[in-house]
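Please read the following report alongside the sequence and the structure.

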Amino acid sequence: MKVRVRVRHGSDIPIPITTEFIKLESFLKLANAAETGGMAKNMIQDGEVLVNGEICTQRGKKLRPGDRVVLSDQGYYVTGA
């Protein structure tokens, strides 16, 4: 039996997805944290994005409901639809 603990932080913005997962680069655009894919790519490669508390430099990192992303002191969490 798998148990996934979801920790929600008060100021985090919930971002719902309708698929099983979303790639990090696409998530940043969906959350309006990046205006373009190129901008998202640069933020990720520069180590400005944390996923579940760790710096992530993988543009294609798969995010699933329950994952938390932080960029410039703003938190976002992935929710299911």
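In this predicted model, 5 strands form an open sheet in the order β1-β7-β6-β3-β4, and the pairing is mixed. Because β1 and β4 stand at the edges with a single partner strand each, one side of each is left without a neighbour in the sheet. Two strands are said to pair if DSSP finds at least two bridges between them, while strands (E, at least two residues) and helices (H or I, at least four residues) are DSSP runs numbered from the N terminus.

The model is predicted, so local features need pLDDT of at least 70 and side-chain atom pairs count only at pLDDT 80 or more, whereas totals for chains, interfaces and linings use all residues. Residues are numbered from 1 along each chain as its sequence is written, and side-chain values use heavy atoms, with hydrogens and water left out.

Strand β7 (residues 74–80) is mostly covered, 5 of its 7 residues being buried; here buried means under 20% relative accessible area, exposed means over 50%, and partly exposed lies in between (1.4 Å probe, protein chains only). Strands of a sheet pair through backbone hydrogen bonds, either parallel or antiparallel, and β7 takes part in pairings of both senses. With β1 the pairing is parallel and runs over 5 bridges; Pro16 has Thr79 of β7 as its bridge partner, and Pro14 stands opposite Tyr77 in β7. With β6 the pairing is antiparallel over 4 bridges, and Val70 has Gly75 in β7 as its bridge partner. β6 and β7 also form a hairpin with 2 residues between them, and Ser72 in the turn has a positive phi of about 50°.

**Helix α2**

Which residues of helix α2 are buried? In this helix, which spans residues 37–45, they are Gly37, Ala40, Met43 and Ile44. Seen down the axis of α2, the buried residues fall within an arc of 125°, so they line one face of the helix; the arc is that of the directions from the helix axis to the C-beta atoms. As background, an α-helix has 3.6 residues a turn, so residues three or four places apart point the same way. What covers the buried residues of α2 includes α1 (24–30), β3 (49–51) and β6 (68–71), where contact means heavy atoms within 4.5 Å. The helix is followed by Gly47, whose phi is positive, near 75°.

**Salt bridges**

Side chains of opposite charge can pair when their charged atoms come close. If a salt bridge is taken as a side-chain nitrogen of Lys or Arg within 4 Å of a carboxyl oxygen of Asp or Glu, the count comes to 3 salt bridges.

| Asp12 | Arg68 | 2.6 Å |

Asp12 counts as buried at 8% relative accessibility, whereas Arg68, at 24%, counts as partly exposed.

Arg64 counts as partly exposed at 29% relative accessibility, and Glu20 is exposed, with a relative accessible area of 58%. Leaving aside its neighbours within four places in sequence, Glu20 is in contact with Leu63, Arg64 and Pro65. The C-alpha atoms of Glu20 and Gly80 are separated by 8.2 Å, although these residues are 60 residues apart along the chain.

Glu25 counts as buried at 18% relative accessibility, while Arg59 counts as partly exposed at 34%.

**A buried aspartate in a loop**

Asp67 lies in the loop between β5 and β6 and is buried, with a relative accessible area of 8%. The side chain of Asp67 makes a polar contact with the side chain of Asn52 at 3.0 Å. A polar contact is a pair of N or O atoms within 3.5 Å; within protein, one must be able to donate a hydrogen and the other to accept it, and residues adjacent in sequence count only if both atoms are side-chain atoms.
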